Amino acid sequence: MTLAGQVEEKVIENEGRNGRKRRRPRRTSINPGESRRAWTLIAPAILLLILIVGYPVIKAIYQSFLTDPGLDKSTGLFNQGNAWNGITNYTHWLGQRCAVAGGGTQSCPSGTLGSQFWGSAGVTLGITVVACTIETVIGMGFALMMNRAFRGRALVRVAILIPWAIPTAVTSKLWQVIFDPQGILNKILGTHFAWTSEQWPARSAIVIADVWKTTPFIALLILAGLQSIPEETYEAARIDGANAWRRFTSVTLPLVKPALAVAVIFRVLDTLRMYDLPAILTGGANGTTTSSILVVKQLTSGVNSASALSTITFVLIFAIALALVRLFNANIVGAQTGGKVK
Amino acid sequence: MRKKGIAPAVCLLSTVAVLAACGGNGGGSSNDAAKQGASARGPITFVTGKDNSGIMPYIADQWNKAHPNEKVTIKQQSDQADQQLSDLQQHFQAKDPGYDVVTVDVVWSAEFAAKGWIIPLEGQYALDTSQLLPATVKAATYNGKLFAAPYASDGGLLYYRTDLTKTPPTTWDDLIKQCQGKTTSGTITGPKPACYAGQFAKYEGLTVNAAEAINAAGGNIVGPDGVTPQVDSQQAATGLDFLVNGFKQGYIPKEALGFQETQSLNAFQAGQLMFMRNWPYADAILAGKDSKVASKFAIAPLPGPSGHGASSLGGHSLGISAYSKYKATDLDFLKFIESDDIQRNDLNQGTLAPVVTSLYSDATLVKKFPYLPTLLASIQTAVPRPVTPYYPGVTEAIETNAYAALQGQVSTKQALTSMQAAIKSATAG
């Protein structure tokens with residue numbers, strides 16, 4: 001993507017030289033021969049991307065329009081399926097319409113996967129909003145702390161990073177023990193919450209475990225941003241009489257925004273795709289079935305319908321990502337070709 | 001700068017679209033595959049779940065000694081059932097001839113059979129099942145044909161505390177009455193144990209427990225054809241109510257909503273339960289040295305509404321892959337695994353419940369495993385979970401709605417109505 005972007009820029013610059021005056025070549029212009037050589041050079045990379053990214057995505061979208069194998073009542077065997085099915089798989093999920101024996105559809109009854117689509121989308125979104133907000137606030141605090149020079153700073157940095165270094169499957173198991181009805185959390189709080197077998201406690205448990213694990217990631221990215229802010233800007237602000245809060249809002253925040261945007265967007269996308277933590281911690285029970293868990297469940301009973309579901313999920317996540325990029329006005333895609341800092 | 005990134009992306013995607021359109025896959029017929037290697041012999045691979053009890057080396061040694069030219073290789077999968085399933089699905093979809101004989105959980109056999117992945121054991125592959133427990137044969141039968149050879153069985157048992165009661169309850173009312181005064185209500189707190197628990201977390205174990213309660217009361221999840229749901233009945237409601245009321249009235253602690261096998265076992269082992277439903281494997285662990293109840297527990301058949309209840313059938317069978325090259329050897333291996341010697345060693349070394357009926361009255365074995373007669377009674381009255389190729393959807397329907405009822409979110413009646421509709425929908429394709 002980035003390579004393609006670079007080349008494309010060169011192509012446009014090239015056109016600019018040949019006629020259109022809107023754009024002026026910034027670097028030395030290149031002739032068509034060089035452009036062709038550039039394409040030749042990046043062709044292997046593009047081909048590899050097509051193979052490992054493009055092909056599976058397109059294949060999944062194609063499959064999402066096909067039928068799943070159906071049972072042949074006379075032989076008791078499944079047929080091949082894979083017949084053209086139009087948008088039936090999509091209406092199944094989006095409209096929660098389930099097939100009825102003998103043709104036609106009905107509203108999906110409770111206990112079918114179809115009836116869980118909007119619920120799981122809502123849960124995924126809810127967990128994402130809450131978890132990412134908390135993570136960003138705490139992460140910012142951690143980053144500011146790590147950025148200060150004080151005794152034992154190295155130790156604090158390592159301590160903060162440990163949760164991020166532990167594999168999610170392991171932390172999920174750890175939290176499962178902590179959240180056990182007879183686990184340490186209930187002992188400390190003196191409560192009798194069945195943390196993972198009631199709806200809101202189960203959701204909170206996932207948010208808590210996720211915040212604990214991924215705050216360091218945000219903190220680390222923000223820290224990188226903080227360290228690129230020259231000390232002189234603060235000195236100048238101080239001379240102008242800005243207090244600590246004013247320095248934070250008028251100097252730190254605007255200058256750290258590109259790094260912050262990258263961190264938040266990455267985290268949001270990660271959380272929207274979340275599978276491992278709830279799958280292990282709650283098994284998706286008690287209103288914690290995320291979209292990804294639903295996809296995996298559907299995979300066991302029909303690949304093509306699961307393809308439709310994952311395509312829908314993909315589009316939803318993509319739309320949210322795009323909206324976030326707009327919101328932050330972030331220059332993520334073209335960052336290496338001279339991102340503008342306001 | 002941002003906008004410029006999009007054009008090459010679109011270009012890239014459209015290139016791929018062309019590629020994908022060319023790459024449609026044609027489905028081949030599996031009939032030819034099923035016939036291939038019908039009388040051929042050669043080395044085979046036996047695919048099975050992780051061998052936690054170390055019985056596989058014995059099986060491999062015994063077989064390889066007798067069949068030096070048709071040696072078996074044991075391939076162990078993970079110890080998680082869903083990972084084993086997806087491993088098998090992937091290899092079958094790839095028509096892998098390297099998976100010859102596979103271990104099939106009782107609830108997978110119908111799906112594997114309907115997809116043509118395992119071959120029917122009829123004609124030249126016929127298997128003598130007269131010595132086997134009928135329930136295990138029934139669970140491996142789909143559409144009137146046997147598709148897998150029962151290998152190990154499993155049935156639910158009632159574990160009870162002998163220091164709290166001398167006579168195990170035979171009915172649910174009896175169980176509740178025995179708990180009065182001796183147990184706490186609602187949650188596991190204080191020195192007294194809670195009354196009863198099984199596996200009530202939202203997973204496969206809940207389907208097992210709910211089906212047991214429903215079957216015990218004379219209800220059915222599906223009709224005799226294995227597809228038509230019949231769960232919306234008065235009997236089924238009586239059965240499910242035993243569990244629903246347990247949480248309402250407090251004779252089942254609310255912690256049990258998160259119990260899988262291990263958690264319920266841990267609670268009983270710590271002396272926190274008076275009665276527990278679990279599989280036979282719990283016996284060895286509860287008698288172990290880490291157990292607080294080592295000499296204070298015994299095993300009885302599951303109770304029911306009036307007299308003993310019905311267990312759900314657990315266990316595994318062995319199927320012959322349709323893509324195996326040496327099916328004659330595969331069949332011999334199936335017969336070998338049903339032999340007295342192997343079944344005996346599986347029990348002795350791995351505490352796997354045998355599928356050969358006569359072993360349950362074998363004096364030496366009964367002396368070593370006193371629960372065998374009880375287990376036999378449990379398995380003989382056991383009801384297989386629905387034998388349907390749509391099992392994943394069916395079990396989701398049972399789990400989800402039973403769980404909602406146990407949590408008190410919906411009434412028993414509502415839960416069963418939804419369960420009925422959801423099973424109908426899941427099996428409609």
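Strand 3 of chain B (residues 101-105) and strand 11 of chain B (residues 313-320) run antiparallel, and 5 bridges join them. Two strands count as paired if DSSP finds at least two bridges between them. One of the bridges puts B:D105 with B:H316 in strand 11 of chain B. In general, strands of a sheet pair through backbone hydrogen bonds, either parallel or antiparallel.

A word on what you are looking at. This is a predicted model, in which local features need pLDDT of at least 70 and side-chain atom pairs count only at pLDDT 80 or more, while totals for chains, interfaces and linings use all residues. Residues are numbered from 1 along each chain as its sequence is written, and chains are lettered from A and ligands numbered from 1 in the order in which they are written.

Contact means that the C-beta atoms of two residues, placed from the backbone, lie within 7 Å.

Now strand 1 of chain B, residues 44-48. Is it buried or exposed? Of its 5 residues, 5 are buried, so strand 1 is largely enclosed by the rest of the structure. Buried means that 20 or more other C-beta atoms lie within 10 Å of the residue's own; 12 or fewer is exposed, in between is partly exposed, and C-beta atoms are placed from the backbone. B:I44, B:F46 and B:T48 point one way, B:T45 and B:V47 the other, and all are buried. Strand 1 runs parallel to strand 2 of chain B (residues 72-76), with 5 bridges between them. B:T48 stands opposite B:Q76 in strand 2.

Next, helix 4 of chain B. Its 13 residues, 81-93, should span 18 Å at 1.5 Å a residue, and the end C-alpha atoms are 18 Å apart, which agrees. The expected span is 1.5 Å times one less than the number of residues. Its buried residues are B:Q84, B:L88 and B:F92. They cover an arc of only 65° around the axis, which puts them on the same side of helix 4; the arc is that of the directions from the helix axis to the C-beta atoms. What do the buried residues of helix 4 pack against? Strand 3 of chain B. The face turned away from that buried side carries the exposed residues B:Q90 and B:Q93. After helix 4 comes B:K95, with a positive phi, near 50°.

Chain B also has an open sheet of 4 strands, in the order 8-9-7-10, again with mixed pairing. Strand 8 (194-197) and strand 10 (297-300) are at the edges, each with a single partner strand, so one side of each lacks a neighbour in the sheet. Strand 7 (residues 157-161) and strand 9 (residues 273-278) of chain B pair in the antiparallel sense over 4 bridges. B:Y160 has B:F275 in strand 9 as its bridge partner.

Lastly, chain A. It has 13 helices and 4 strands, and 31% of its 342 residues are buried. Its average pLDDT, the predictor's confidence in each residue from 0 to 100, is 85, and 87% of the residues score at least 70. Where is confidence lowest in chain A? In helix 1 (residues 2-18), at a mean of 44, whereas helix 4 of chain A (residues 117-147) is highest at 94. Over residues 1-21 of chain A the pLDDT is below 50.

Technical notes. Helix = DSSP H or I, 4+ residues; strand = E, 2+ residues; numbered from the N terminus.
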